[in-house]
Amino acid sequence: MTDYRTLLSFGPEGWGDDIAAGVLVTVALALATLPFGLAIGFLVALAKQSGEKTLRLAGNIYTTVFRGLPELLTLFLVFYGAQIGIQQFVRLFDAKATVEINSFVAGMVALGAVFSAYASEVFQSAFRAIPNGQYEGGYAIGLSKLQTMRLVILPQLIRIALPGLGNLWLILLKDTALVSVIGLADILRQTGIAARVTREAFLFFGLACLIYLALAILSSIAFGAIERWSGKGGVQR
Amino acid sequence: MTAENLTTVPHVDRPPPLPARWTQARILGTTLLCLWAAAGLGLIYFLVRSWNPDLLHRYAPNYLSGLWVTIQLVVISIIIGALLSIPIACGRMSKNRIWSGLAYGYVYFFRGTPLLAQTFLVYYGLGSFRHQLDAIGLWTFFRDAWYCALFAFSLNTAAYQAEILRGAIESVGKGQWEAAKALGLSRIQALRKIILPQALIVALRPYGNEIILMIKGSAIVAIITVYDLMGETRRAYSRTFDFQTYIWAAIIYLAIVEALRNIVDWIERRITRHLQR
Amino acid sequence: MGISRRIVLALSATALAMSMGAASAQDATKLKIGTEGAYPPFNNLNASGELEGFDIDIAKALCEEMNAECEFVTQEWDGIIPALQAGKFDAIIASMSITEERAQQVDFTDPYYTNSLTFIAPKESDFDPSAADGKVIGVQQGTIAAAFVEENYPNADLNAYPSQLEAWADLSNGRVDAVLADFGVQYGWVQSDDGQCCEFKGDPVDSNDRIAIAVRKGETELAEKFNTAIAAIRENGKYAEINKKYFPFDIFGE
């Protein structure tokens with residue numbers, strides 16, 4: 001029997017250090033995806049909220065596409081397709097240039113697109129929950145459209161959207177596992193390599209599940225704190 | 001505020017006009033639509049240019065059989081998951097500490113870890129317990145990648161469906177239970193005749209979303225040697241290195257998901273007609 | 001797929017990657033070598049995460065010969081050709097057989113070893129390559145072995161794995177009845193502790209298949225450099241030394 005302590009140690013014989021590096025990659029990928037996923041999701045929600053028909057349509061196409069495609073397929077499309085497409089595009093200007101979408105960036109773009117499509121739905125339903133009187137009230141006290149959005153609507157919007165966004169974050173964290181398929185050294189890839197090499201598949205994949213679970217629990221705790229903090233200023237209804 | 005107070009307010013800017021003819025938005029929207037159209041046309045151009053009857057002839061039957069595998073996998077695991085979700089949802093709502101703790105742990109584990117990791121754990125993880133599984137006669141089941149995928153997916157979707165079920169049942173007001181009790185209905189009768197019909201309206205959309213998530217999530221079985229739609233796509237791509245193989249898969253997945261979403265919308269409209277005002 | 005918003009994003013995101021990647025692409029003495037890292041004893045990762053194996057040693061010897069500074073990039077097998085085309089690396093040294101389908105996508109150098117496809121199966125099994133109908137055969141996805149089974153054993157059950165290691169794992173688990181793969185890689189496994197369960201079954205089903213280095217289409221200059229280097233290490237005994245380190249037989253072929 002192999003000694004599990006050696007296998008999980010941080011030394012040269014053990015996989016602990018490799019897996020720890022994998023955890024960092026997973027967390028970094030999820031954290032890097034979050035801000036731009038949120039920003040695009042918000043913009044798409046604005047477009048879908050707008051009175052302008054063409055904007056609504058453009059926004060709806062975006063969500064239809066990125067909610068409809070399997071995440072794994074989106075990842076392949078970005079990693080291989082976009083790479084070849086951009087390469088050809090750049091070659092038009094400079095025959096020698098090489099563009100590299102590394103697997104981290106590909107993962108970020110693909111997961112961000114999926115995340116933003118779902119986030120736009122969350123934002124949109126949060127928009128619907130804010131009565132029109134809030135906008136009118138903002139205008140009535142002389143705020144501009146932008147100011148109303150920033151000072152009146154956004155704070156309420158975030159509070160309403162927070163639970164939904166928390167869910168999306170957990171989904172994002174889990175979806176990062178897919179990048180292991182395109183070779184990014186995340187938790188699942190590192191444990192997968194260890195499982196292949198040591199033939200202790202149950203140990204390492206079980207460990208992978210436990211690490212994801214720990215990350216999910218940590219996230220829930222953090223989100224609980226953020227929700228309590230953001231709820232402080234709000235009116236209890 | 002009274003009417004007198006209002007008249008004393010000195011001067012208020014007029015509210016900005018409603019965004020009826022806001023040209024900036026129209027320009028932006030039209031530009032974006034044009035970009036979408038360009039992307040769509042580019043896609044069509046790409047597919048037309050790389051049109052290859054041989055390829056189609058050779059791989060179209062594979063795609064169809066892959067699609068069939070995907071559908072089977074999703075339908076069967078959704079049904080098994082639905083059956084499993086009932087005791088789990090009961091456990092979640094139970095007042096018994098042990099029951100509800102177990103159900104909570106189950107749901108948390110399957111919702112907190114990636115489906116891909118769960119599938120690997122079942123397929124490769126259980127693979128290393130071949131002799132133990134053989135001894136209890138379960139190896140014939142876990143030997144086959146398809147059954148492993150079905151097993152992992154059913155357990156996974158059971159956790160999600162249990163939460164949907166619980167959420168839906170809890171969304172029905174307490175008064176409904178009390179009223180049913182007052183009418184002399186038993187708990188089971190109340191659940192069947194009063195609570196579930198209302199709960200299912202609430203649950204319809206989440207159920208639809210869960211099916212869609214399963215269809216999309218099922219693409220990962222390609223990694224454990226199951227030839228579903230994605231598996232056939234990867235096989236075709238690994239032989240031809242032609243990127244259109246992935247484009248076709250994308251179109252098929254999008255079409256299924258959109259069709260399903262429209263069906264759910266339609267059902268929802270029909271069963272909520274009495275609620276519309 | 002060109003998608004309005006995504007393209008802008010992808011472009012801005014890649015601007016960073018490009019600024020970093022540009023230097024190495026210009027400098028001719030720096031080469032990026034793509035390999036799989038899951039194909040022992042040719043290219044695999046050890047517990048400290050380093051690449052080792054026959055391909056790796058050959059690649060290092062060739063780079064030394066060409067006076068190039070080489071950096072290895074690991075890439076999943078089924079994406080290795082697209083990744084080469086996309087410029088993630090400049091050459092594939094990963095025991096890749098020359099096939100017609102691949103030759104339409106990439107250019108090959110002269111072969112650096114010869115290979116045959118051979119079955120392995122558990123020692124107690126009566127598996128026979130000439131009667132494999134209804135058997136479950138494990139292969140690695142996207143290899144000539146996978147193509148061979150598809151074409152010659154239409155009635156066998158094909159299990160295609162992302163890497164060779166998973167195919168073997170399932171052979172020793174009993175999920176597949178036999179594994180078809182290159183002789184060299186099967187030899188390495190049968191010799192190892194894990195592979196004690198199994199042995200070669202029957203004669204090679206397909207022989208004389210040649211393994212070469214792949215470069216992007218049209219990069220004949222690089223291919224020529226590799227050819228010269230292969231000839232040189234054949235000449236100066238370096239090749240024989242590496243060969244002996246891994247195999248007790250001559251792997252180059254005629």
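This presentation describes a predicted model, chain by chain, and ends with its largest cavity.

Good morning. In this predicted model, local features require pLDDT of at least 70 and side-chain atom pairs count only at pLDDT 80 or more, while totals for chains, interfaces and linings use all residues. Residues are numbered from 1 along each chain as its sequence is written, chains are lettered from A and ligands numbered from 1 in the order in which they are written, and side-chain values use heavy atoms, with hydrogens and water left out.

I begin with chain A. Its secondary structure consists of nine helices and zero strands; helices here are DSSP runs of H or I with at least four residues, strands are runs of E with at least two, and both are numbered from the N terminus. The order along the sequence of chain A is accordingly α-α-α-α-α-α-α-α-α. Along the principal axes, the C-alpha atoms of chain A fill a box of roughly 75 × 55 × 25 Å. Chain A has 237 residues, and 55% of them count as buried. Buried means under 20% relative accessible area, exposed means over 50%, and partly exposed lies in between, with a 1.4 Å probe and protein chains only. Of the contacts in chain A with a separation of 6 or more, 70% join residues 24 or more positions apart, a contact being heavy atoms within 4.5 Å. The accessible surface of chain A is about 10200 Å², and carbon and sulfur atoms account for 66% of it. Such areas come from the Shrake-Rupley method with a 1.4 Å probe, and for residues only the protein chains shown count as cover.

Is B:S154 buried or exposed? Its relative accessibility is 4%, so B:S154 counts as buried. Beyond its neighbours within four places in sequence, B:S154 is in contact with B:S77, B:I80, B:G81 and B:L84.

I turn now to chain C. Here there are nine helices and 11 strands. Chain C has 254 residues, of which 59% are buried. Chain C is divided into domain 1 (27-114 + 210-246) and domain 2 (115-208), with bounds from an automatic or database domain assignment. The centres of the two domains, taken over C-alpha atoms, are 24 Å apart. At their interface, 15 residues of domain 1 are in contact with 16 residues of domain 2.

C:D206 sits in strand β11, residues 198-216. With a relative accessible area of 24%, C:D206 is partly exposed. Not counting residues up to four places away in sequence, C:D206 touches C:S116, C:L117 and C:F148.

The backbone also has points to note. The peptide bond from C:P40 to C:P41 is cis, with omega near 0°, and C:P41 lies in the loop between β2 (38-39) and β3 (43-45). C:N67 is a residue other than glycine with a positive phi, near 60°. C:N67 occupies the loop between α2 (54-66) and β5 (69-74) and is exposed, at 64% relative accessible area. C:S95 also has a positive phi, near 55°, but C:S95 is found in strand β6 and is buried, at 4%.

Rolling a probe the size of a water molecule over the atoms shows where empty space is left. On a 1 Å grid over the protein atoms alone, a cavity is a set of points where a 1.4 Å probe fits but cannot get out, and lining residues have an atom within 4 Å of a point. Grid points are joined across faces, edges and corners, and a volume is the space filled by probe spheres set on the points.

How many cavities of 30 Å³ or more does a search of the whole structure find? It finds eight. The largest cavity holds about 120 Å³ of space. It is lined by 16 residues, and those closest to its centre are C:Y39, C:S95, C:Q140, C:T143 and C:D182. In chain C, β6 (91-97), α5 (144-152) and β10 (178-182) each supply at least two lining residues, and β6 gives the most, with four. Domain 1 and domain 2 of chain C each contribute at least three residues to this lining. By type, the lining residues divide into eight nonpolar, five polar and three charged. Ala, Val, Leu, Ile, Met, Phe, Trp, Tyr, Cys and Pro count as nonpolar, Asp, Glu, Lys and Arg as charged, and the others, Gly among them, as polar.

Key: On a 1 Å grid over the protein atoms alone, a cavity is a set of points where a 1.4 Å probe fits but cannot get out, and a pocket is an open set with protein on both sides within 12 Å along at least five of seven lines; lining residues have an atom within 4 Å of a point.
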